[in-house]
Amino acid sequence: MNHRILILSTSAGSGHKAAAAALEKVFRQSLQVAELVNLDALERTNELYRAFYSDLYLRLVQERPQLVGWWYQASDEPWKTDAFRLLFDRINADPLTRFIREFKPTITVCTHFMPAGIVAQLLAEETLDTRLAIVTTDYDFHSMWLSPRFNRYFVALEETKVHLMALGLPEDRITISGIPVDPAFEEPVDRDAALARYHLRSDLPILLLSAGAAGIGPAREAVQQILQMSTPSQVIVVCGRNEELRAELVELVEPQAKRFRVLGFTDDMHVLMRIATILIGKPGGLTSSEAMAAGLPMVIIAPIPGQEERNSDHLLEEGVALRCNQMTTLAYKIDRLLQNPERLARMRENTRNIGRPDAARVIVETLLHEDNEPVTLQEPTPPIRVLPLRINIADLFSPPLRDDEQFVIADAQSDEPIGVVTGKEMRVLFDNLEMESIEDTDFYLNRETLALLEERGASATLLDVLQRALGARSECDVRWRRGSVGE
């Protein structure tokens with residue numbers, strides 16, 4: 001059969017479009033494809049709607065990341081239909097709807113939930129005859145991706161498949177493909193030629209620092225830390241399309257210029273990742289998947305609350321990444337990893353468990369070689385509640401929590417004070433041991449908790465107080481309060 005392929009993504013972040021581009025490359029290699037359109041769905045909507053989806057999202061990520069995280073958690077309620085959102089999408093995407101109907105795709109692939117929802121509505125109205133494939137672009141699954149009508153889901157992990165089956169999706173319509181990355185990640189790389197091209201030595205580790213396609217995030221702070229490292233290494237910094245950042249970093253690294261290669265946007269990431277020793281960056285779905293496809297361990301910095309936090313959890317669980325919660329410890333953590341080659345080798349080996357350089361090919365071959373009827377699901381009532389909304393306690397303090405104020409840590413049983421820590425140190429606890437509400441002033445501790453906090457940048461003072469609280473016990477609860485001992 002000669003297929004008419006429609007790939008729909010959005011420019012709300014670069015990952016959705018990158019996944020769509022990867023799929024397009026593989027589809028175009030097939031003789032079964034008669035016509036193909038790869039479309040940013042937002043291009044067929046009005047200007048205000050485009051700004052709402054892409055520009056507003058980018059601004060929130062930069063200026064109010066905690067709000068992004070709150071929305072992500074609050075909206076993650078499977079099968080809770082948001083009729084207003086669906087109507088809002090449909091009204092503002094009328095040109096997109098007309099285009100889809102006129103193009104009459106035999107297969108529609110969506111790498112973002114917004115166009116997937118519109119296609120599902122057209123299927124429900126029986127005004128479109130297409131096979132709808134939904135390709136998720138993060139390791140975790142958010143309920144916004146749920147569709148009551150579809151032909152196939154493609155997900156990154158077996159855990160995600162288990163989750164979807166629990167929500168009522170049929171097992172035989174969920175494929176564990178991985179997140180689609182450029183098919184160039186499947187091709188061999190001439191390492192010697194690549195090292196020569198970038199004037200790099202083969203006997204020194206290579207750090208690859210990515211600021212993402214938009215060139216946002218704490219790249220300056222990361223470079224400042226790397227400049228303080230004690231382990232000899234070479235550094236490639238990719239600034240994306242942010243030329244201002246690139247110029248600033250070129251000036252910043254001037255004292256160690258021979259050690260650095262500061263690049264702008266590049267199409268060579270599949271090569272850079274294959275020659276690098278460690279990737280330093282945010283755990284976006286596509287960035288993480290590319291790193292895993294290249295067998296490249298990560299040091300995670302500044303994950304966006306929400307999807308990147310959840311991606312981070314999966315990467316840490318698989319043993320392919322370290323997370324640096326405090327930028328002040330980045331040089332220390334990289335030095336320690338480079339000085340432990342056995343651990344680094346294990347991390348690289350672990351990437352094989354989740355690395356899927358073939359993901360795009362698996363998705364395309366699956367879609368071109370199956371012919372099934374759409375699935376129509378009845379949404380359960382009431383909606384399934386998977387996890388309670390988790391609140392970051394530090395954001396609820398009134399007056400706001402200050403880094404230099406004092407908190408007392410006490411034994412929860414005896415109420416005996418153990419020690420005093422700062423607001424900055426308490427943030428480490430709040431960030432890693434989140435609680436349900438501000439009324440919950442207890443923390444559970446065991447040996448594993450202390451090891452986790454040490455790994456995630458807890459200060460020596462905080463670790464000492466918690467160790468004294470635990471003492472010879474295997475576990476305990478501690479209580480915290482604002483103020484100093486005696487107040």
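So, in what order do the six strands of the open sheet with E2 and E7 run? The order is E2-E1-E3-E4-E6-E7, and the pairing is parallel. Strands here are DSSP runs of E, at least two residues, and helices are runs of H or I, at least four, all numbered from the N terminus; two strands pair if DSSP finds at least two bridges between them.

Quick housekeeping before I go on. This is a predicted model, where local features need pLDDT of at least 70 and side-chain atom pairs count only at pLDDT 80 or more, while totals for chains, interfaces and linings use all residues. Residues are numbered from 1 along each chain as its sequence is written, and side-chain values use heavy atoms, with hydrogens and water left out.

At the E7 end, strand E6 (residues 152-155) pairs with E7 in the parallel sense over three bridges, and Phe-154 stands opposite Thr-175 in E7. Helix H6 (residues 113-124) packs on the sheet too, touching E1, strand E3 (107-110) and strand E4 (131-135); contact means heavy atoms within 4.5 Å.

Gly-168 lies in the loop between helix H7 (158-166) and strand E7 (174-176). Gly-168 is partly exposed, at a relative accessible area of 42%; buried is under 20%, exposed over 50%, and partly exposed is in between, with a 1.4 Å probe and protein chains only.

Now the other sheet. Again six strands form an open sheet with parallel pairing, in the order E10-E9-E8-E11-E12-E13. The edge strands are E10 (260-263) and E13 (321-324). Inside it, E8 (residues 206-210) and E9 (residues 234-238) pair over five bridges, with Leu-209 opposite Val-237.

Which residues of H9 are buried? Ala-219, Ala-222, Val-223, Gln-225 and Ile-226 are. They sit on the same side of H9, because they cover an arc of only 160° around the axis, going by the directions from the helix axis to the C-beta atoms.

Last stop, a helix pair. H18 (residues 447-455) and H19 (residues 460-470) pack at about 175°, axes 11 Å apart. Axes are lines fitted to C-alpha atoms, for helices over the stretch in contact, and angles run from 0 to 180 degrees between N-to-C directions. On H18, the contact is made by Arg-447, Leu-450, Leu-453 and Glu-454.
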